Every structure is written in structure tokens, then in C-alpha cells.
Amino acid sequence: MPNFLSRLIGRAVSAPARAASDAQTLEEKASRVGPLLALYQVGRPVWTPRDYHALAREGFQRNAVVHRCIRLIAESAASVPWILQEGGRELDEHPLLQLLARPNLREAGTAFLEAVYGHLMVAGNAYVEAVSVDGEPRELYALRPDRMRVVPGPSGWPEAYDYTVGGATVRFRQTVEGVPPILHLALFNPLDDHYGLSPMDAAAVALDIHNAAGAWNKALLDNSARPSGALVYAGPQGTNLTDAQFERLREELDEQFQGAGNAGRPLLLDGGLDWKQLSLSPKDMDFIEAKAAAAREIALAFGVPPLMLGLPGDNTFANFAEANRAFWRQAVIPLVKRTAQSMAQWLGAAYEADLTLVPDLDNIEALASEREALWRRVAAADFLDRDEKRAAAGYGPAAGPAPSGS
């Protein structure tokens, strides 16, 4: 309040000074505090820059809704186990399974995949480095996307990737025999040939609104939960406050009425001073609803039902279990499937076999009711034999002869 008041008073133009002649205006000092006219207009919005550092700082680090959306998606997706198949047959043991279970000495498979999914949600891009020995990948590392740059070749396709950290740049050439050193995972971006589009980028406007609403609320609490205003001097015509009176008034406002520690202290006015509120109240701004709407837009961009985040409004699901199933079906499983397919296509060349990676949906607790309903329908289908029932449930042919009556 006092800082804004000082700027407002310093820029004020007195009515008597405007009414004086041009010669008098040049000779007489303009009134510092007189009947005031406050002009107010909405300024231009300032949006968060669309780069990795700004989105990670303003979104993941400083916004609870974005933080929870990314954690929820990354942790859920990383918890889904993968099944390795060769020619449609499930493999219980394989060097690729061991590599995915322990990609490097620092991380387990779940932590590694969580970092990959987190990079995808924040940047729209994720990069995985494969360290190979004699053509066989031995370690996998998730690299930060803000340090990686695509190097297009003559045909426009990436022929190398430059990774820069600490002033040093390492070039990973993709034109090598066996497994290329870098796997680039990117979300769909209609305006870029190489880099993906982050959900946080699409929700950046809602993110700025949500953060600005929180900052405004914090500033209001620091200002004794009172909106800004101005002291209007309406003394006798032609009388002004002296410079000493003006400075003393400003100092008293700064020391005695600013900050949460001075909350509730009354403002004593005399000498023709009157307090005028200038800022809009939270009710006028519809502050709470604007912040809730921004939070729902953020959740929408990430594909997380608002009910799972505890957000008011737009809770169209009958219960939490239904919202949880929709979250897994629409947000998590598609992300896991595309990542598993990319990993199998990238690493499968090292083993010279037709390898595929698929998510093990039977181990997802949120989908247990759906799997149970499927098994009941398949078991009741008398027109299917044993192997056809297994195929309908997502399993391969069983070993050994079928029991009688099946």
C-alpha cells in the first residue's frame, strides 16, 4: 500500500495547478498533494518463456498442480512391468530384461524410467544413452533434454546429437553399426521436425494464471490482507502539504502500516486526508474461481482427472476408482506402450531377434476389475478352445495338450 501510494502521489497533478496560467505554472511549484485523479488500466500479460528451465522452475518446482501431475504420471508409468516377447512367445530370462531391471550402477529400472517419463512431461523430449561393449548395450542413462541438441544430416534426419555440460560438448553419432548411442523420445509437435511439445507448454497460460493468483494472494497477506489504495488530500483550495509533511506521512505509512506485523492497526486520518481503495477485491476478481479454473486446465493438459488431484469442479466421474481407471487408460498406458515399443526397436538390433516389449497390464491394480470381467466373459465362451481363450485374454498358446472338455 505505501509504496504504491508514494508513486501515485509523486505522479499526481493538482487541480489548482492545472487551472493556473502558463506563466504561473512555470513560476509556482506544482502541488504534491491535492485533489487526486487516479488513472488505472490493465497492463499487458507477461508469460513464462517457453523453454525447459523456465517451465521446470515455474511449473514443476513452484506449482503444486503441475508437480503432482508429473509425479503421478511418471511414478505410475514407471511402476508398470514390461514383458519381453520373441515371436509372440514370452521370455523369462534375457540380457535385455537384466539391462532394463538394472540399467546402470546408480539407478534401478523404476528410477530410470521415472526420469525418462518425467523429462517427457516437462520438456516433451527424453534422451537415453546406451553404453555398448562389443556391440551389446550394457548400461542405459537418462540424459537431461535441455543439454541435448539435434544435429540434422543432409537429408534432414538426425545424424548426431550434441550433449553440452560444463562448457564441454560430446557428439553422439547415430551412423554406427549396431545400436545407435542415443534414443530420442518425443511427444507429438505439429510445428517442429525434431523436438516434441510438452503438456506443460500447452498449459503455460493456465500455469502463469495459477502462479500469479498465488503470488497475488501472498502479497495481499503480506500487506495486512488489505488491498492497495490512496490517500486523497481534499484540503482548502490552494493549500498544499509541505515537502516535510509529505515525507513524514510516507515514512509513517511505511513503518506503521506496512506488512503482516501491522495487521489490524487503525489508520488515523486528519487534515483533509481520506482513504480511497483502488484495487479490486478478491470477490470482484473472482479470485478463487479463476485459480480453480487454471488448475483444471493444467490437469486437462496432462490428462489427469481433477478428482485425483482434489480439485473442485469438473468431477464428472462417479467415484475415485472410475477416475483412476480413466487416468490409467487415457494417460499412463498409451505412454508406457509407445516407450516400450521404442525401446524394443532401439535395443533389439543388438540381439538379432524379433523382440517386442509390452506392458504387463495384469499387474496394474487399478485395472483389476476390468481384467476380472474379461476373464469371466472369456471363460463363459463355450465356442472358443483353450488357446483361443488364452489369446483373447492376452496370453500365448499353452504348452502341452489341452485337458479334456476344454
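Two strands pair if DSSP finds at least two bridges between them. Strands (E, at least two residues) and helices (H or I, at least four) are DSSP runs, numbered from the N terminus. This is a predicted model, where local features need pLDDT of at least 70, side-chain atom pairs count only at pLDDT 80 or more, and totals for chains, interfaces and linings use all residues. Residues are numbered from 1 along each chain as its sequence is written, and side-chain values use heavy atoms, without hydrogens and water.

**Exercise 1.** Which residue of β2 is the bridge partner of L84?

*Solution.* 
- Start with β1 (residues 82–86): three bridges join β1 to β2, and the two run antiparallel.
- Within β2, L84 is partnered by L91.

**Exercise 2.** In what order do the three strands of the open sheet stand?

*Solution.* 
- The order is β2-β1-β11, with antiparallel pairing.
- β2 (89–91) and β11 (355–359) are at the edges; each has a single partner strand, so one side of each lacks a neighbour in the sheet.

**Exercise 3.** At what angle do the axes of α5 and α7 cross?

*Solution.* 
- Axes are lines fitted to C-alpha atoms, for helices over the stretch in contact (heavy atoms within 4.5 Å); angles run from 0 to 180 degrees between N-to-C directions.
- The axes of α5 (residues 64–78) and α7 (residues 109–123) cross at roughly 140° and come within 8 Å.
- Angles under 35 degrees count as roughly parallel, over 145 as roughly antiparallel, 65 to 115 as roughly perpendicular, and the rest as oblique.
- Therefore α5 and α7 are oblique to each other.
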